[in-house]
Amino acid sequence: MSQLYLVTPPRIEVATFPDALAAALDAGPVACVQLRLKDAAEDEVRRAIDALRPVAQARDVAFLVNDRADLAVELGCDGAHLGQEDLGPGGVAAARRMLGGLSLGVTCHSSRHLAMEAAEAGADYVAFGAFFPTATKQAKTRAEVDIIAWWADVMEVPCVAIGGITPENCAPLVEAGADFLAVVGAVWNHPDGPAAGVRAMLAAMTLAENPKS
Ligand SMILES: Cc1ncc(COP(=O)(O)OP(=O)(O)O)c(N)n1
Ligand SMILES: Cc1nc(C(=O)O)sc1CCOP(=O)(O)O
Ligand SMILES: [Mg+2]
């Protein structure tokens, strides 16, 4: 069964975003929130972690930080998501050691090789993408749905699908066995607000799991 993985917009208002996050998380089951601030000073990232982590953790939703395993450990988060360029010279194994028992997710683009390496070095999940065109970032790679089916078939480590995922296009990823669907725009840019975005994603995912319901 696929679960919803919510990534924050790249820029937020730290004063007001906690309420928006609470509304999104109260709209239905979300497995994980990733704080992904781009072009933010460290001080702002720290303030955002302090403001948002309790919102997620109070609801038993895992709170991960993008790019910064050190802050995840220091500030009581549940883990970190690291891309290939965020990994230091020690690679995934060094990040694994730094995070101890916290969760570690690793971007693997559309590479089976990177994903196998990450899983073997201790990643808790591997992320593939981008599956669809996305306005949230300039994605470096395009991934095809068959990488999800292959991964689900041969590996135990969970996989995340990301990139341009919406209620309208998510069904093949669910059917292929993605453990998590990670979204930004589908929730935060929903015309009726983030709660409506979460409900729409969950409804589409449920329908894809049970097409006859
Ligand atoms: C769940 C998830 N998957 C992939 C990414 C992308 O990470 P990365 O390649 O490090 O790119 P940035 O997010 O840092 O721009 C992600 N953040 N989350
Ligand atoms: C953060 C991120 N990483 C991607 C990758 O392909 O690795 S695509 C992406 C953006 C996801 O946002 P949206 O759901 O709005 O498309
Ligand atoms: Mg990164």
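Visitor: Which residues have the most contacts inside the largest nonpolar core?

Guide: In this predicted model, local features need pLDDT of at least 70 and side-chain atom pairs count only at pLDDT 80 or more, whereas totals for chains, interfaces and linings use all residues. Residues are numbered from 1 along each chain as its sequence is written, and chains are lettered from A and ligands numbered from 1 in the order in which they are written. A nonpolar core is a set of buried Ala, Val, Leu, Ile, Met, Phe, Trp, Tyr and Cys residues joined through C-beta atoms within 7 Å; buried means that 20 or more other C-beta atoms, placed from the backbone, lie within 10 Å of the residue's own. The largest such core has 72 residues, and those with the most contacts inside it are Leu6, Val126, Ala161, Leu173, Leu181, Ala182 and Val183.

Visitor: Which residue of β6 stands opposite Val106?

Guide: Strands are DSSP runs of E with at least two residues, and helices are runs of H or I with at least four, numbered from the N terminus. β5 and β6 pair in the parallel sense over three bridges, where pairing requires at least two DSSP bridges between the strands. The residue of β6 opposite Val106 is Val126.

Visitor: Which residues of β6 point the other way from Tyr125, Ala127 and Gly129?

Guide: In a regular strand the side chains alternate between the two faces of the sheet. Five of the five residues of β6 are buried. Opposite to Tyr125, Ala127 and Gly129 point Val126 and Phe128.

Visitor: What is the bridge partner of Val160 in β8?

Guide: β7 has both faces covered, with Cys159 and Ala161 buried on one side and Val160 and Ile162 buried on the other. β7 and strand β8 (residues 180-183) pair in the parallel sense over three bridges. In β8, the partner of Val160 is Phe180.

Visitor: Which strands each supply at least two residues of the shell around ligand 1?

Guide: A residue is near a molecule if its C-beta atom, placed from the backbone, lies within 6 Å of it. There are 16 residues around ligand 1, the closest being Gly83, Thr107, Ala127, Ile162 and Ala182. The strands that each supply at least two shell residues are β5 (103-107), β6 (125-129) and β7 (159-162).

Visitor: How many residues of the shell around ligand 2 are charged?

Guide: Of the 16 residues around ligand 2, Gly129, Thr134, Thr136, Val184 and Gly185 come nearest. Asp, Glu, Lys and Arg count as charged, Ala, Val, Leu, Ile, Met, Phe, Trp, Tyr, Cys and Pro as nonpolar, and the others, Gly among them, as polar. The shell around ligand 2 holds eight nonpolar residues, seven polar and, as charged, one.

How values were computed
A residue is buried if 20 or more other C-beta atoms lie within 10 Å of its own, exposed if 12 or fewer, and partly exposed in between; C-beta atoms are placed from the backbone.
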